[in-house]
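The sequence and structure are shown first.

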Amino acid sequence: MELFAHPLFLLYLLPVLAGVLFVLWVGHKLKRRAAHMLFTPVTYAELTADLRPQTAIRTVLLLGAVVTLFVALAGPQWGTEIVEAQGVFAQTVIAVDVSASMRAQDLKPDRLDNAKTMLRLLVNGLKEERIGIIAFTSQAFIQCPITTDEEALRYFITALQPDMLPVPGTSLAAPVKLAAHMLAKYPGQKALILLTDGEDHSPEEIATAKQAALKSGVRVIAIGIGTTEGTLIPDKVDSSGHVLEYKKDRQGKTVVSKLDDKPLLELAQATSGAYIPYTTPAQVAAQVDQALRGLDRSSATTAKHAAYKSRYQIPLLLALLCLAGYILWPRGVRPRKK
């Protein structure tokens, strides 16, 4: 246990105390010299016969005030208390498409790896955001609740994998609705960063998703990952990364996955958000960071920890009492002896 939070002030006390004593000593010497120059010893004794003599009590009170003041500045502390750290943050949810089409390699090494690289850069740069993570296919699931913990966010970003969810397909409405629900309790304008190739097997649900986002004050920042030319979707890959088989539909035809930016543009425009076509991780992270400017912020607890209780009030009170005693100590007329 550290008895003082700022023990350096105790070292400062020594030269200050020496300075005060020196000033008192010099003042006393100068007063005596002036009295001897102006008056004879007999005359000075007669003039001061009715005055209360200077006592050591006032000197002790003055020195006590100086000592206890510096002890207060040193921050005495004992006992513990739980302290909450507060911060002011904007609220953002990241929704990542983990359907099979995110294995497509029109972006090397594939779409999802590009998305994860970009998100790591983004999270490293967002110091004033509370962020949650959603993974989605035809349904959406919370992977990381809204938090300021960068380590947790990086862990869940790394853990994202294609087909990690037990339901196939893709629905853009599902992550929008879930994000709106997660962000509804926070005041003001919030944001949903939606990373997907835009394929949507439930387009009829987009209208209700837009309404949910608008009702909760959520701006959709949509990032279209992939190319409009599209490519095949690897289905089986060997240990060296070579594709053994490509995904086929129910009729046995090889599936080609293409970027469909139309629903992403509609979502962004309907919620006063932004659509960002994917280029490079660094460029997209910078564009998203710019798009997040202007979001409303609210206070939040970032951490709780045990800390020593500050007890500076006790020596500070003693310092004030000593100073008051020094000022108010009587120096009036001493009664004459009869």
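Predicted model: local features only at pLDDT ≥ 70, side-chain atom pairs only at ≥ 80, totals over all residues.

## Nonpolar cores

The largest nonpolar core has 35 residues, of which Met118, Leu195 and Ile223 touch the most other members. Two or more residues are given to this core by each of strand 1 (77-97), helix 4 (111-125), strand 2 (129-136), helix 5 (150-159), strand 4 (190-196), strand 5 and helix 9 (281-291). Helix 4 supplies the largest share, with 6 residues.

Not counting residues up to four places away in sequence, isoleucine 223 touches Met118, Ile193, Leu194, Leu195, Thr196, Leu264, Tyr275, Ile276, Tyr278, Val284 and Val288.

## Helix 6

Helix 6 spans residues 173-183 and is mostly covered, with 9 of its 11 residues buried. The buried residues of helix 6 are Ala173, Ala174, Pro175, Val176, Leu178, Ala179, Ala180, Met182 and Leu183.

## Arginine 219

The side chain of arginine 219 reaches two backbone oxygens: that of alanine 291 at 2.8 Å and that of serine 272 at 3.3 Å. Leaving aside neighbours within four places in sequence, the residues in contact with arginine 219 are Gln189, Lys190, Ala191, Leu192, Thr271, Ser272, Gly273, Ala291, Arg293 and Leu295.

## Salt bridges

Side chains of opposite charge can pair when their charged atoms come close. In this model the count comes to 7 salt bridges. One of them joins arginine 111 to aspartate 197, with the closest N and O atoms 2.9 Å apart. Arginine 111 belongs to helix 4, whereas aspartate 197 lies in the loop between strand 4 and helix 7 (206-215), so the pair ties together parts that are 86 residues apart in sequence. Both arginine 111 and aspartate 197 are buried.

A salt bridge is also formed by the side chains of glutamate 150 and arginine 154, at 3.4 Å from N to O. These two residues are 4 residues apart in helix 5, and therefore about one helical turn separates glutamate 150 from arginine 154. Glutamate 150 counts as partly exposed at 23% relative accessibility, and arginine 154 counts as partly exposed at 22%.

The side chains of arginine 293 and aspartate 289 meet in a further salt bridge, at 2.8 Å from N to O. Arginine 293 has a relative accessible area of 51% and is exposed, while aspartate 289, with 23%, is partly exposed. Salt bridges with shared partners join Asp106, Arg111 and Asp197 into one network.

## Nonpolar surface patch

Leu3, Trp78, Ile314, Leu317, Leu318 and Leu321 make a nonpolar surface patch of about 580 Å². Which element gives the most to the nonpolar patch? Helix 10 (residues 313-328) does, with 4 residues.

Leucine 3 lies in the segment before helix 1 (8-38). With 46% relative accessibility, leucine 3 counts as partly exposed.

Conventions: Residues numbered from 1 in each chain as written. Heavy atoms only, no water. Polar contact = N/O pair within 3.5 Å; in protein donor to acceptor, adjacent residues only side chain to side chain. Contact = heavy atoms within 4.5 Å. Buried < 20%, exposed > 50% of the residue type's maximum accessible area, 1.4 Å probe, protein only. Core = buried A, V, L, I, M, F, W, Y, C linked by side-chain atoms within 4.5 Å. Patch = residues over 30% accessible without salt bridge, like charges linked within 9 Å, V, L, I, M, F, W, Y side chains within 5 Å. Areas by Shrake-Rupley, 256 points an atom, 1.4 Å probe, with all protein chains shown as cover. Salt bridge = Lys/Arg side-chain N within 4 Å of Asp/Glu carboxyl O.
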